[in-house]
4 protein chains.
Amino acid sequence: MTRPQKRLRSDIAWSTADRITVHGRDLPGEILGHMNLGDMAFLGLTGRAPNEKESRLFNAIAVTLVEHGLTPSAIAARLTYLGAPEAMQAAVAAGLCGLGSVFVGSTEHVAKLLTESIGKSAQQIVAENARIPGLGHRLHKPVDPRAKRLFEVARETGYYGKYCALMEAIAKEKGITLNATGAIGAIACELGLDWRAVRGIGVMARAVGLVSHLLEEARQPIAKEIWQRSDEEASQHLRPAGS
Amino acid sequence: MTRPQKRLRSDIAWSTADRITVHGRDLPGEILGHMNLGDMAFLGLTGRAPNEKESRLFNAIAVTLVEHGLTPSAIAARLTYLGAPEAMQAAVAAGLCGLGSVFVGSTEHVAKLLTESIGKSAQQIVAENARIPGLGHRLHKPVDPRAKRLFEVARETGYYGKYCALMEAIAKEKGITLNATGAIGAIACELGLDWRAVRGIGVMARAVGLVSHLLEEARQPIAKEIWQRSDEEASQHLRPAGS
Amino acid sequence: MTRPQKRLRSDIAWSTADRITVHGRDLPGEILGHMNLGDMAFLGLTGRAPNEKESRLFNAIAVTLVEHGLTPSAIAARLTYLGAPEAMQAAVAAGLCGLGSVFVGSTEHVAKLLTESIGKSAQQIVAENARIPGLGHRLHKPVDPRAKRLFEVARETGYYGKYCALMEAIAKEKGITLNATGAIGAIACELGLDWRAVRGIGVMARAVGLVSHLLEEARQPIAKEIWQRSDEEASQHLRPAGS
Amino acid sequence: MTRPQKRLRSDIAWSTADRITVHGRDLPGEILGHMNLGDMAFLGLTGRAPNEKESRLFNAIAVTLVEHGLTPSAIAARLTYLGAPEAMQAAVAAGLCGLGSVFVGSTEHVAKLLTESIGKSAQQIVAENARIPGLGHRLHKPVDPRAKRLFEVARETGYYGKYCALMEAIAKEKGITLNATGAIGAIACELGLDWRAVRGIGVMARAVGLVSHLLEEARQPIAKEIWQRSDEEASQHLRPAGS
């Protein structure tokens, strides 16, 4: 074998007997007791600690994505826990597997669209894109109260800028409600996050939410009932009459 | 089918056109912009918002678990991303699947042991348990700087109590370094968390860390090299000489 | 760092430009077109190819585990696919995550019990074990038709031996229906499989079944309806009247 | 809530106390002891049992995908098992999560390309598609011995037809080795499988292979060594000299 080896390199963390450094900061001395979980996420996504305003705004968008009730993802996690209660981590993992193009992925699509379209007018963007992500909601209309509140926090912290304004103009142009994922995608751009990092915010936030679904499932189970009802109904047409 | 149906019930969240309530709180009005990601996790685990001191202490233990460098879990996530970069959520899920009995699970074992043993002396607990979780570290000795710092934050916030003291006494009795998972398990007890919830803190925290590993992998990849080296070396003894 | 390195070694496969060898056999020449998927699984579990009778019996137990209708695992996979149809592999993965102690794990428990108890009488085993795995079924009673058929195939192939007889004696002693997992655990012992390998048969078999659930979901979806009904009902008690 | 409910319906399986029917066939009477694991997969993918020739050919393509040595997916599964040996199903799941666009996905891309291009000439297809899947291999050249053998089995069973011929013509036109995934995609088309089902063959086959990797890991572990070496090397540049 003469394949030349490439050096393995990661800049995230290192330890010695008495030191632990994460993203260039002393973990015990500079991070623990000083940074909250959202700040730590921001540090991981950008390589730098957020200032107070960035911390407030970033935590707000992350917190928005924690909990959406009994989502497909939450039900999948609960059904998994029903079969393997000894492996809670696998139930969270099962729940995360569904955070793809249909649900949480839309924050990423918004951030990508805004990043690539900044400088264009809302009219132009609407004309050029048959489908605009971040718009519409089956329940929250004409206003998604999360989007409204997130832009409020963005204004309060001084981060309501050209991306937020463009996203609101696009929604107005289309005449469709700006939803939470639209606001989150725009704010992520204001915070300077790479659009490739944006789906990650949803994934980590949902992990937080899934744990609380599993704790509720442990004390007040519903997965077994969902399973049995579905199984009975779905195969009823196949079963002999009277069985 | 005459199986009586059980009512499905979840108390976590509900929405109408203009309202979204999570754990009994108005999401836009009482949570967004007010609570950080760790506070939201605490709310999910306990059903109540943390006060300022609980917030600082809980965030400190969660943040401790975010990043441990190139763990088996981080490498598994990176290898998964190598094969399916279009599904980042699945790479995080793959990384979480390994947070079982060997690594992150020990925080849960500590919390369970302390919960069940409180009132006994350290001597008695050591005598009764062949293996004590939360002790020992291959690198950090004689002191794990994270454990030291976490107890410091516990003292500063007024939450250093009987569980922390008992865990330190146990470590002293055994003459083995108290590691970070030992401190976290004890502090979780002080905060009144059910030991069944404790593994969940590690699972959500590690989801945060895994996202930053995947972003680094995207711009500075190492998974392919780890794979090729391992594959070449592991099967070398089987291959004909000179191949 | 002076940690001595351990050699990485795997005996499963190797390749050169014109050869591919798996478990010591030439993949194109000795495996493709000669062995079926169950035989390949047997080869992977034992390191040797099955004879014709072993092939028939092992395939029968593997096939039994492929499909159990709309299980929690199948519903979890379908809900995952709803969110990430572009990542079918992650939907199968989510479905597998729930194959733990409650469902498929029981085949492993049966094989372990029989391996460790062989030589004892059924009476003794029942007396010593408060819970016997592999017994009872909510629907199939007094006879599980799969168990009956599997023992038939075991007899036809000459593999009905002391483990099968012991498992039947235990079921008789307890007066509870011997279910499919009981028969599978016993037959796995007859085939000389390590009990640690037995859960693996269920995991691979269920992967086969989950793929067909996802194909059905793609053309005749039910996950969205399961989700919406569950979500509506579970939070109804929280929502204001009339909403 | 006045949302009209849609009926849940699955045609895969149903059971009563003494009957179990899967894909319209009596499980004990018509499947167990009669069909092997690959046949069962074919039944799940197509809704009908394969004839003898289809059985041989389909099993050959499925078996090809079981084992590719120490792949990223196999290493990810082993690293997961290192942390959670009590949850083998989650380790298999972690391994499957990486079967995305880069590796196993190419069989699907081949089947899709051939399905959509049949009737066109190889020249035209090459001209119209900048990237052709199913061609090239870093090790197996000028011939991939699996592709050669699979087409041989296709000829022996009478299923070498227009899709196989077209794929070979495309490879010739491009002057690149036809690899195993190219042959599998073409044969899947000959067998009348929907291209959407093709990735599923790889997913189920790899589940079979991953179980044998985990059994080897249990008795001859390498994951810990891969982890420690990677971790040491990757952060060496960050650590103070002499540590």
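Predicted model: local features only at pLDDT ≥ 70, side-chain atom pairs only at ≥ 80, totals over all residues.

Colleague: How many helices and strands does chain A have?

Modeller: Chain A has 12 helices and three strands. Its C-alpha trace spans about 65 × 60 × 50 Å along the principal axes.

Colleague: And what share of chain A counts as buried?

Modeller: Of its 243 residues, 65% count as buried. As for contacts in chain A with a separation of 6 or more, 72% come from residues 24 or more positions apart.

Colleague: Let's pick a residue. Where does A:H213 lie?

Modeller: A:H213 is in helix α11 of chain A, residues 198-219.

Colleague: Buried or exposed?

Modeller: A:H213 counts as buried, because its relative accessibility is 2%, and the cut-off for buried is under 20%.

Colleague: What does A:H213 touch?

Modeller: Leaving out residues up to four places away in sequence, A:H213 touches A:E67, A:G69, A:L70, A:A74, A:R78 and B:I12. With A:G69 there's a polar side to it: the backbone oxygen of A:G69 lies 3.4 Å from a polar atom of the A:H213 side chain.

Colleague: B:I12 takes us to the other chain. How many residues are in contact between chain B and chain A?

Modeller: 86 residues of chain B are in contact with 86 residues of chain A. The two chains bury about 7,300 Å² between them, with 66% of that from carbon and sulfur atoms.

Colleague: What about polar contacts and salt bridges there?

Modeller: There are 35 residue pairs in polar contact between chain B and chain A, counting pairs with both residues at pLDDT 80 or more. On the chain B side, helix α11 (residues 195-219) gives the most, with 13 residues. The chain B side that touches chain A divides into 42 nonpolar, 22 polar and 22 charged residues. The rule also finds four salt bridges across this interface, and the side chains of A:R3 and B:E232 meet in a salt bridge at 2.6 Å, N to O.

Colleague: OK, now chain C against chain A. What area do they bury?

Modeller: About 2,600 Å², 62% of it on carbon and sulfur atoms. Here 29 residues of chain C are in contact with 29 residues of chain A.

Colleague: How many salt bridges across that one?

Modeller: Four by the rule. The side chains of A:R138 and C:D231 meet in a salt bridge, 4.0 Å from N to O. On the chain C side, α4 (72-83), α5 (88-96) and α12 (223-234) are the elements that give two or more residues. The largest share comes from α12(C), with eight residues. That side of chain C divides into 16 nonpolar, eight polar and five charged residues.

Colleague: While we're in chain C, what about the span of helix α6?

Modeller: It agrees with expectation: 13 residues (105-117) at 1.5 Å a residue should span 18 Å, and the end C-alpha atoms are 18 Å apart. The expected figure is 1.5 Å times one less than the number of residues.

Colleague: What do the buried residues of α6(C) pack against?

Modeller: They pack against α7 (122-128), α9 (162-174), α10 (180-190) and α11 (198-219) of chain C. Among those buried residues are C:V110, C:L113 and C:L114. After the helix comes C:G119, with a positive phi near 110°.

Colleague: Back to charges. How many salt bridges does the structure hold over all chains?

Modeller: 76. Take B:E216 and B:R78, where the closest N and O atoms are 2.5 Å apart. B:E216 sits in helix α11 of chain B and B:R78 in helix α4 (residues 72-83), and the two are 138 residues apart. Both B:E216 and B:R78 are buried.

Colleague: Which residue does D:E217 pair with?

Modeller: D:E217 forms a salt bridge with D:R78, with the closest N and O atoms 2.8 Å apart. D:E217 is in α11 and D:R78 in α4 of chain D, so the pair ties together parts 139 residues apart in sequence. D:E217 and D:R78 are both buried.

Colleague: Which residues are joined into one network?

Modeller: Salt bridges that share partners join A:R3, A:R7, B:E225, B:R229, B:E232 and D:E233.

Notes: Residues numbered from 1 in each chain as written. Chains lettered and ligands numbered in written order. Heavy atoms only, no water. Helix = DSSP H or I, 4+ residues; strand = E, 2+ residues; numbered from the N terminus. Buried < 20%, exposed > 50% of the residue type's maximum accessible area, 1.4 Å probe, protein only. Contact = heavy atoms within 4.5 Å. Buried area = accessible area lost by both parts, 1.4 Å probe. Nonpolar A, V, L, I, M, F, W, Y, C, P; charged D, E, K, R; others polar. Polar contact = N/O pair within 3.5 Å; in protein donor to acceptor, adjacent residues only side chain to side chain.
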